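Thanks for coming, everyone. I have one structure to walk through today. Here it is on the screen.

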Amino acid sequence: MKTFAFALAALLPLAPSALRAQSPAPQESDFYKIEPFSFPADIVAEVGAIELLPEHKLAVGTRRGDVYIVDNAFTTDPANAKYQHFASGLHEVLGLAYKDGWLYVTQRPEVSRLKDKDGDGRADIFETVNADWNITGDYHEYAFGSRFDPKGNLWVTLCLTGSFHSNAPYRGWCLRITPDGKSIPTAAGLRSPGGVGFSPDGTAYYDDNQGVWNGSSSLKPLLVGSFHGHPETLKWWDNALGEKPLESVTGTRITQERERNPKFAPPAVILPHAKVGNSPTAWDWDESGKFGPFTKQLFITDQSFSVVNRVTLETVNGVKQGCVFPFLKGLQSGPIGVRMSPDGVLFVGGSDRGWGARGGKPFDLERITWTGKVPFEMHEIKASPEGFEVKFTQPVDETTAKDANNYKMRAWTYIWQASYGSPEVDEVLPKVEVASVSADGTIVKLKVTPLTKGHVHQLDVPGVKSKDGAPVLHPVGYYTLNEIPKS
């Protein structure tokens, strides 16, 4: 009878909980598909910038100074793409913007504009729009360009000389290039920008890489007249921006520097070094509503880790701050150029020349699309006077979500210093005391003690499950708490 009972049990259907236990853990590829493009053997596509063109075409600029037009980039199979060599002889293209039949190119020494006048697929008009900055020939003097802001300006962020110095005019600055080709000095103190652009609300941001006056990489708001830390750039200060900022004092903390120096703009979101990446590059927002449940969130790439991370932002007490989450790994090379299409297709491309990239290939162009399945994720984390509110993409399992032991936190900051980078310092171990769940099951309010102004607050949620029993796909977020809400 015992043998018969075991045999009978084997034939009975499994309970849903048992079925979930047997199901494989969700993978990123269940929700987002990465598809590489295959270039002809004679094209070295070290992609530095990507722009959308009419008729569903792409413009791709390379670090080698070429521009290619990609046709059939949106077809079912990227192997059907065709490539037209549009321009050559440029100097490291790290910005593209299209307007009124012109392709605007940010290259190392200038902003140029190109046009194919005779319709043969090749640019035959090359015009300088602005070249008000300078170069010395140093390898580090990159120039990154935005697309157009609502006033028709292009924003250009300029890397320092040799990673440490400003040996040519406006190195370590952001300039706005007006429609009539004039430059407007906009912000100083930048170190090594990797991308520049605008949020849906019109705020300009750039990302800066770990190094001098940057304990870790970060996403920073580009406010007109703001200062971002590197004092040597102040020798180019334009009086039109008002009183010159105070020079940075080494060995303090970002919060202290904010209090001391009114023009200093703190990072909105710190990208913890060696945790989410080492070298952030370009980024774009999803305004399509077709890239999963993350509309109006920012997707930022990391060249070293060959990944895409996800960023959410909010304004607290008038200051920008927010959270970074891991999103997608497995790119083939080190992403540098990024563009989100209105169709919800994210194009990324890059290179590993000069720095290693985990992807392993010397260059790539890839597209990322949503499969239609919604991952169980922390959709966003927001600060509250007593802790944090965590919104999930799906209703949570109330039992696991209410258990305060399923939330682990750690907080730290970085030394504000002239030395290269910084260790994590001033560690705090906040405790989640209470976790309460909203009526619809999508928001968990956490009472946290203590909250530390100026610290990165890491939140891990390994024990929280969805209502259907799924684990959080990426169970960690890193929130930069510049300000604690007053109410």
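**Cavities, pocket and sheets**

I'll start inside. The lining of the largest cavity has seven nonpolar, four polar and one charged residues. On the classes: Ala, Val, Leu, Ile, Met, Phe, Trp, Tyr, Cys and Pro count as nonpolar, Asp, Glu, Lys and Arg as charged, and the others, Gly among them, as polar.

A word on the source. This is a predicted model, where local features need pLDDT of at least 70 and side-chain atom pairs count only at pLDDT 80 or more, while totals for chains, interfaces and linings use all residues. Residues are numbered from 1 along each chain as its sequence is written, and side-chain values use heavy atoms, with hydrogens and water left out.

Back to that cavity. Its volume is about 100 Å³. Among the residues lining the largest cavity are Trp-213, Lys-220, Pro-267, Tyr-414 and Trp-416. The terms here come from a 1 Å grid over the protein atoms alone: a cavity is a set of points where a 1.4 Å probe fits but cannot get out, a pocket is an open set with protein on both sides within 12 Å along at least five of seven lines, and lining residues have an atom within 4 Å of a point. Grid points are joined across faces, edges and corners, and a volume is the space filled by probe spheres set on the points.

How many cavities of 30 Å³ or more are there? The count comes to five. The second largest cavity has a volume of about 60 Å³. Its lining divides into four nonpolar, six polar and one charged. Residues there include Ser-217, Leu-271, Ile-300, Asp-302 and Asn-309. Strand β20, residues 298-302, gives the most to this lining, with three residues. For the labels, helices (H or I, at least four residues) and strands (E, at least two) are DSSP runs, numbered from the N terminus.

Now the open space. The largest pocket holds about 520 Å³. It is lined by 31 residues, and Arg-147, Trp-283, Asp-284, Val-338 and Arg-339 lie nearest its centre. Which elements give two or more residues to the lining of the largest pocket? They are β2, β10 (143-148), β14 (193-198), β19 (280-285) and β23 (335-340). By class, the pocket lining has 16 nonpolar, eleven polar and four charged residues.

Two of those strands take us to the sheets. Take β2 first. Four strands form an open sheet in the order β2-β3-β4-β5, with antiparallel pairing. Pairing means that DSSP finds at least two bridges between two strands. β2 (47-53) and β5 (82-87) are the edge strands, each with a single partner, so one side of each has no neighbour in the sheet. Neighbouring strands of this sheet are turned by 25° against each other on average, direction ignored. For that angle, axes are lines fitted to C-alpha atoms, for helices over the stretch in contact, and angles run from 0 to 180 degrees between N-to-C directions. Inside the sheet, β3 (57-62) and β4 (67-71) pair over four bridges. Ala-59 has Ile-69 in β4 as its bridge partner.

Next, β10. An open sheet of five strands runs β10-β11-β12-β13-β17, with mixed pairing. β10 and β17 (226-227) stand at its edges with a single partner strand each, so one side of each is left without a neighbour in the sheet. Four bridges join β10 to β11 (154-158), and these two run antiparallel. Gly-145 has Val-156 in β11 as its bridge partner.

Zooming out. The protein has four helices and 33 strands. Its radius of gyration is 24 Å, close to the 23 Å that the globule rule gives for 487 residues, so it is as compact as a globular protein of that length. That radius is taken over C-alpha atoms, and the rule is 2.2 Å times the number of residues to the power 0.38. The C-alpha atoms fill a box of roughly 90 × 55 × 35 Å, taken along the principal axes. Buried residues make up 58% of the 487. Buried means under 20% relative accessible area, exposed over 50%, and partly exposed in between (1.4 Å probe, protein chains only).

Last, some backbone details. The peptide bond from Thr-449 to Pro-450 is cis, with omega near -10°. Pro-450 sits in the loop between β31 (443-449) and β32 (456-460). Asp-100 is not a glycine, but its phi is positive, near 55°. Asp-100 lies in the loop between β6 (96-99) and β7 (102-107). Buried or exposed? Asp-100 is exposed, at 64% relative accessibility.
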